[in-house]
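Please open the model in a viewer and keep the sequence panel beside it.

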Amino acid sequence: MLLFVAHRLLYLIPVLIAVSLLTFFIASLLPGDLAYTILGDQATPENVAALRKDMGLDQPIYVRYFGWLGNILQGDFGRSFRTGQTVLQAVAERLPVSIELMLLAQLGALGIGVPLAIICAARSGGPFDRFMTGTAFGMLSVPTFLSAILLIYFFAVELRWLPATGYVPFAEDPLANLRFLVLPSLTLALAEWPSIMRVLRSDMIATLQEDYIALAKAKGLTPAQILFVHALKPSSLTLVTITGINIGRLIGGAVIVETIFALPGIGRLLIGAILTRDLIILQGVVLLVGAGFVIMNFIVDMLYAILDPRIRHGHA
């Protein structure tokens with residue numbers, strides 16, 4: 001197992017380097033001059049030239065990249081020219097909001113998708129299965145912002161059960177914190193549960209055709225034992241992959257959802273950095289988000305090895 005983990009960790013290094021390269025070069029190729037953006041009304045040719053030299057913007061792009069990467073390896077991701085706040089401070093303040101939102105959204109998507117997948121697999125081809133499959137296809141076509149607007153209209157405007165915007169830290173008031181996060185997390189969950197349901201349903205239907213399932217039925221095991229003990233675990237490998245990939249989708253969805261619901265998370269930090277051309281914050285946050293996604297894929301690989309020992313021994 002240790003050899004398997006070490007082998008996977010070696011793959012992370014070139015991937016993280018590639019993420020840093022893409023992050024830096026894409027941000028550097030954006031139109032405009034960072035020196036002009038920082039100086040604003042004081043952007044005289046002399047001031048611009050001095051600032052460009054001070055920030056190293058007059059150097060070749062590859063020199064700037066290695067300088068930026070060297071600072072990151074020392075824990076210095078840069079500092080916002082607007083607020084004076086470091087990237088790590090800005091992320092540390094907002095990351096708990098985004099993590100809580102994505103965690104609640106993922107739990108909601110699993111809470112909806114997994115039970116529906118089990119029921120549909122157990123009654124494959126029946127009316128309920130056909131109805132839920134059609135509903136899942138329909139939900140995949142609904143954009144996140146539309147779900148958010150509809151949920152706000154029904155639950156915040158018409159019924160007035162939940163707040164439409166705002167945020168209360170969990171440490172201040174746990175109940176209020178959850179009330180403010182219900183609609184945002186439900187918005188993301190509604191976008192994610194169809195893929196979870198469809199994948200798990202398909203895998204469970206295939207698993208239920210296996211010979212050992214027929215043997216379990218011949219032994220007189222109950223349908224619940226067959227579904228939850230013998231069929232669910234072997235069918236969960238693809239589900240683990242989908243759940244890991246959904247983290248990346250949730251990050252993208254969180255940018256829209258956090259803006260609509262006025263949540264002070266990573267998504268709003270990114271939007272603010274883009275609108276104000278705060279490239280230092282933008283580069284640092286995108287790099288951290290990309291690295292987080294890569295690490296999540298590594299964790300998915302580890303879960304694969306736990307669920308199926310053949311993988312870590314190289315037999316699958």
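## A nonpolar patch on the surface

Select Phe 145, Leu 146, Ile 149, Leu 150, Tyr 153, Phe 154, Val 157 and Ile 256: together they form a nonpolar patch on the surface, with about 720 Å² of accessible area. Before going further, note that this is a predicted model, in which local features need pLDDT of at least 70 and side-chain atom pairs count only at pLDDT 80 or more, while totals for chains, interfaces and linings use all residues. Residues are numbered from 1 along each chain as its sequence is written, and side-chain values use heavy atoms, with hydrogens and water left out.

A patch is built from residues with over 30% relative accessible area and no salt bridge; nonpolar side chains (Val, Leu, Ile, Met, Phe, Trp, Tyr) are joined within 5 Å, and like charges within 9 Å. Accessible areas come from the Shrake-Rupley method with a 1.4 Å probe, and for residues only the protein chains shown count as cover.

Now colour helix H7 (residues 144–158), which supplies the largest share of the patch, 7 residues. Helices (H or I, at least four residues) and strands (E, at least two) are DSSP runs, numbered from the N terminus. Ile 256 belongs to helix H11 (residues 236–260). This residue counts as partly exposed because its relative accessibility is 38%; buried means under 20% relative accessible area, exposed over 50%, and partly exposed in between (1.4 Å probe, protein chains only).

## Along helix H11

Stay on H11 and select Ser 236, which lies in this helix. Is Ser 236 buried or exposed? Ser 236 is buried, as its relative accessible area is 12%.

Leaving aside neighbours within four places in sequence, Glu 258 is in contact (heavy atoms within 4.5 Å) with residues including Ser 98, Leu 101, Leu 263 and Gly 265.

Move to helix H8 (residues 174–207) and select Ala 189. Ala 189 is buried, with a relative accessible area of 1%. Beyond its neighbours within four places in sequence, Ala 189 is in contact with Ala 105, Gly 108 and Ala 109. Gly 138 is 51 residues from Ala 189 along the chain, and their C-alpha atoms are separated by 15 Å.

How many salt bridges does a search of the whole structure find? The search finds 2. Side chains of opposite charge can pair when their charged atoms come close.

Select Arg 201 and Asp 129, whose closest N and O atoms are 2.7 Å apart in a salt bridge. Arg 201 lies in helix H8 and Asp 129 in helix H6 (residues 127–140), so the pair ties together parts that are 72 residues apart in sequence. Asp 129 is buried, with a relative accessible area of 3%.

Then select Arg 94 and Glu 93, which meet in a salt bridge at 3.6 Å, N to O. Arg 94 is partly exposed at 22% relative accessibility, whereas Glu 93 is exposed at 51%.

## Two loops

Select Arg 160 in the loop between H7 and H8. Its phi is near 55°, a positive value in a residue other than glycine. Most residues other than glycine have a negative phi. Arg 160 is exposed, with a relative accessible area of 69%.

Ala 262 sits in the loop between H11 and helix H12 (266–275). The phi of Ala 262 is near 55°, and this residue is partly exposed at 29% relative accessibility.

## The whole chain

Finally, zoom out. The chain has 14 helices and 0 strands, and its C-alpha atoms fill a box of roughly 85 × 55 × 35 Å along the principal axes. Of its 316 residues, 39% count as buried.

Notes:
Salt bridge = Lys/Arg side-chain N within 4 Å of Asp/Glu carboxyl O.
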